[in-house]
Amino acid sequence: MVELAELEDPKTREVNEKHGDDHGVNLSKLRALAKRLKTQQELASRLWETDDTAARLLAILICRPKAFERDELDVMLREARTPKVHDWLVNYVVKKNPHSEELRLAWSADPDPVVASAGWALTTERVAKKPEGLDLAGLLDVIEAQMKEAPARLQWAMNHCLAQIGIEHPEHRTRAVDIGERLEVLKDYPTSPGCTSPFAPVWITEMVRRQHDT
C-alpha cells in the first residue's frame, strides 16, 4: 500500500476521475509492480479487502483467476465500485474462471444494470469465441427492445454485443446494422482521430472492412 501511494500522481487521478475511477496510479507502473510480485493469491485477497481502487486493480493482476468460487466472484463484482475495477475483474478474472458461463446467465438477468452489464460483456465474449448454443436472434430481440432506454454502463455493454454479432456473424449483419441505425445509440459519441466510432453501424462496417483487407 505504501508503494502504491508512492505511485500516486495527481494529474493521472484528475483524468481518471472524469471516467469515475478514483485512483491516480499510472497503469503501466501498476503492471510493472504486478510483474515483480508475480501470482500471489493470498496477497491479492488482502489487497482486494482494502477497498482501494489501485490496490484492487493490482489484486486482479496478481490473483489466480481459476481459484475463485462462483459466489466469491459474485460478491466481488457487486463490490467493484469503479468502472476500471469492474472491467478488469470481468475481463482478467471472470472470463478465465470455470464458473463464467453460470455467472453470465445469472448476471444478464440481474436487476442491477451494472451487474447486468457484466453479463452482457461475458455474452459478447461468447458471441466472438464460442457462439455455439447462443440464440443470436434472441439477443438481437432483447437489444432492440431494451438498449435505447438502458442506463449508460448497460447500454454500452449491449451496444458492444450488437456490434460483435454484426461483425462476427454475416447472417445477422444486416439486422444488427439496422437496429443500430434506428436506435442511434452512441451515434454522436466523441471519437478521437484514428479510432473507430462505437456507433454500431460504423463499428461493424469498419471491422468487416479490416477483415476483408487482411
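The model is predicted, so local features need pLDDT of at least 70, side-chain atom pairs count only at pLDDT 80 or more, and totals for chains, interfaces and linings use all residues. Residues are numbered from 1 along each chain as its sequence is written, and side-chain values use heavy atoms, leaving out hydrogens and water.

**Two packed helices**

- H5 (residues 53-62) and H7 (residues 83-93) pack with their axes 10 Å apart, at an angle of about 5°.
- That makes H5 roughly parallel to H7 (angles under 35 degrees get that label).
- Thr53, Arg56, Leu57, Ile60 and Leu61 in H5 meet residues of H7 including Trp88, Leu89 and Tyr92; contact means heavy atoms within 4.5 Å.

**The largest nonpolar core**

- A nonpolar core is a set of buried Ala, Val, Leu, Ile, Met, Phe, Trp, Tyr and Cys residues joined through side-chain atoms within 4.5 Å, where buried means under 20% relative accessible area (1.4 Å probe, protein chains only).
- The largest one has 32 residues, and Trp48, Leu58, Leu89 and Trp107 touch the most other members.
- H5 gives this core its largest share, 7 residues.
- Leu89 touches Trp48, Ile60, Met76, Leu77 and Val94, leaving aside residues up to four places away in sequence.

**Elsewhere in the chain**

- Another core, of 28 residues, lies apart from that one, and Leu136, Met158, Ile167 and Leu183 are among its members.
- In H10 (residues 136-146), Leu136, Gly138, Leu139, Leu140 and Ile143 are buried.
- Their cover includes H9, H11 (152-168) and H12 (170-183).

Terms used. Axes are lines fitted to C-alpha atoms, for helices over the stretch in contact, and angles run from 0 to 180 degrees between N-to-C directions. Helices (H or I, at least four residues) and strands (E, at least two) are DSSP runs, numbered from the N terminus. Angles under 35 degrees count as roughly parallel, over 145 as roughly antiparallel, 65 to 115 as roughly perpendicular and the rest as oblique. Buried means under 20% relative accessible area, exposed over 50%, partly exposed in between (1.4 Å probe, protein chains only).
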